[in-house]
Amino acid sequence: MTDILDGLEISWIPSIIEVDRDEWDHLAKGLNFPFLEWDWLRLIEQSKSATPESGWLTAHLLVRSEGRLVGAAPLFVRDQSEGEFIFDRVWVEVAQKGGMAYYPKIVGMSPYTPASGYRFMVAPGVSAKRITALICQTLDRFCSINGLGSCAFNFVDPDWGIEMEAYGYAAWKHQGYVWNNDDYRDFDHWLATLNSNRRKTVRRERKALRADNVRVQTLTGYEIPDRYFDLMYRCYESTNDKFGVWSCKYLTPDFFEGLKQNMRENLMFTVALRGDDPDPLALSMFVFSGERLWGRYWGCFEEVRFLHFELCYYAPIEWAVANGISTYDPGMGGEHKARRGFFSTPSYSLHKFTDPSMDLTFKTYIQEVNNLENGYISEMNDLMPLGRMGGEED
């Protein structure tokens, strides 16, 4: 479907492969957010990790000027919220009890990726305000004409979220974690910011692994052996199997197989081995771009005490300091993150409802919901094991 509005051509595509990779990435690469790049989205689609059958109907929106791609929005039409990591059941129930529509909805995000950074993509030198207004106008029409209950954007760039309020979107706040690099010289420099008890705990945990003859490797790009990608899927699978009904096993083996061909330059693995045994005990996978690092998946073939903390927290922090990473997002959940030096911080989703009554209901109560989330964020930060000013003796 193609429209001409405000002198610009707007079209919807049912697959990322219908737009040229270089054209798309000319817009995406500047964001330093690889989860919106062509290779990542194509791999999610081609691996059959996100399909119409699993509730993800691709409906990416393109904006062209005289044939040149000047704007784009990765979008999906959904009849559920599984895999979004925005737990909106309470709003679904509000809509149902009030006889108001919630589904189907259109959602902007990278599927199965609770990492903040989503926004509309705009070509350099083009008016972002003009493109944003046009996309929002198009989405309003699309929802109205096709009977969609709402439009949402998940895990958005916080600054962009503020801009979107002018187009009728209200922000819902969600608690997450982040590690910030305060120009640390090395791992011990960061460790010195924690209190004495926590420093001793970290050192004891790392020492216990060495005593168990466990060594850790940090590998990037083509340093990562090909066979590790299949092992990473098996780790991902087994970790999710342990969670039962809370499982988040959405990605297929083909997704991990495709990573080694398409996204290696953005990948970092931490790997635990025992002695000279070439078979890993456990692996963790990370994605990085520019000065940002994201923790994605983890799993083990042998339960070893403290190994999760080493591969998912300490080793990546050590690598982040050595490689000029400014922020590390370790992923969702887990009070233990606060106790190991990760600050609680808000992430945001944006929501706008087609039914005026539902839109008013959401906007009436969302500040109260956000205030409760602020309280939880503060509680988590109170658990941070920070040292006193001037440091402490061990």
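**Notebook: salt bridges and cores in a predicted model**

I looked up Arg227 and found that, with a relative accessible area of 41%, Arg227 is partly exposed (buried means under 20% relative accessible area, exposed over 50%, partly exposed in between, with a 1.4 Å probe and protein chains only). I note that this is a predicted model, in which local features need pLDDT of at least 70 and side-chain atom pairs count only at pLDDT 80 or more, while totals for chains, interfaces and linings use all residues. Residues are numbered from 1 along each chain as its sequence is written, and side-chain values use heavy atoms, with hydrogens and water left out.

**Entry: Arg227 and its partner**

I found a salt bridge between Arg227 and Asp279, with the closest N and O atoms 3.5 Å apart (a side-chain nitrogen of Lys or Arg within 4 Å of a carboxyl oxygen of Asp or Glu). The pair links distant parts of the chain, 52 residues apart: Arg227 is in helix α8 (residues 227-242), and Asp279 is in the loop between β12 (267-274) and β13 (282-289). Helices (H or I, at least four residues) and strands (E, at least two) are DSSP runs, numbered from the N terminus. Asp279 is partly exposed at 46% relative accessible area.

**Entry: other salt bridges**

I then examined Glu84, which pairs with Lys105 at 3.2 Å between the closest N and O atoms. Glu84 is buried at 1% relative accessibility, and Lys105 is buried at 2%. I also recorded a network of salt bridges that links Arg78, Glu84, Asp88 and Lys105.

Arg89 and Glu93 meet in a salt bridge at 3.6 Å, N to O. Because these two residues are four apart in helix α3, about one helical turn separates them. Arg89 is partly exposed at 47%, as is Glu93 at 34%.

**Entry: nonpolar cores**

I looked up the largest nonpolar core, which has 92 residues (a set of buried Ala, Val, Leu, Ile, Met, Phe, Trp, Tyr and Cys residues joined through side-chain atoms within 4.5 Å). Among the members that touch the most others are Trp24, Ile106 and Phe256. Not counting residues up to four places away in sequence, Ile106 touches residues including Trp12, Leu75, Leu139 and Phe142 (contact means heavy atoms within 4.5 Å). A second, separate core of 36 residues includes Trp179, Leu191, Tyr328 and Met380.
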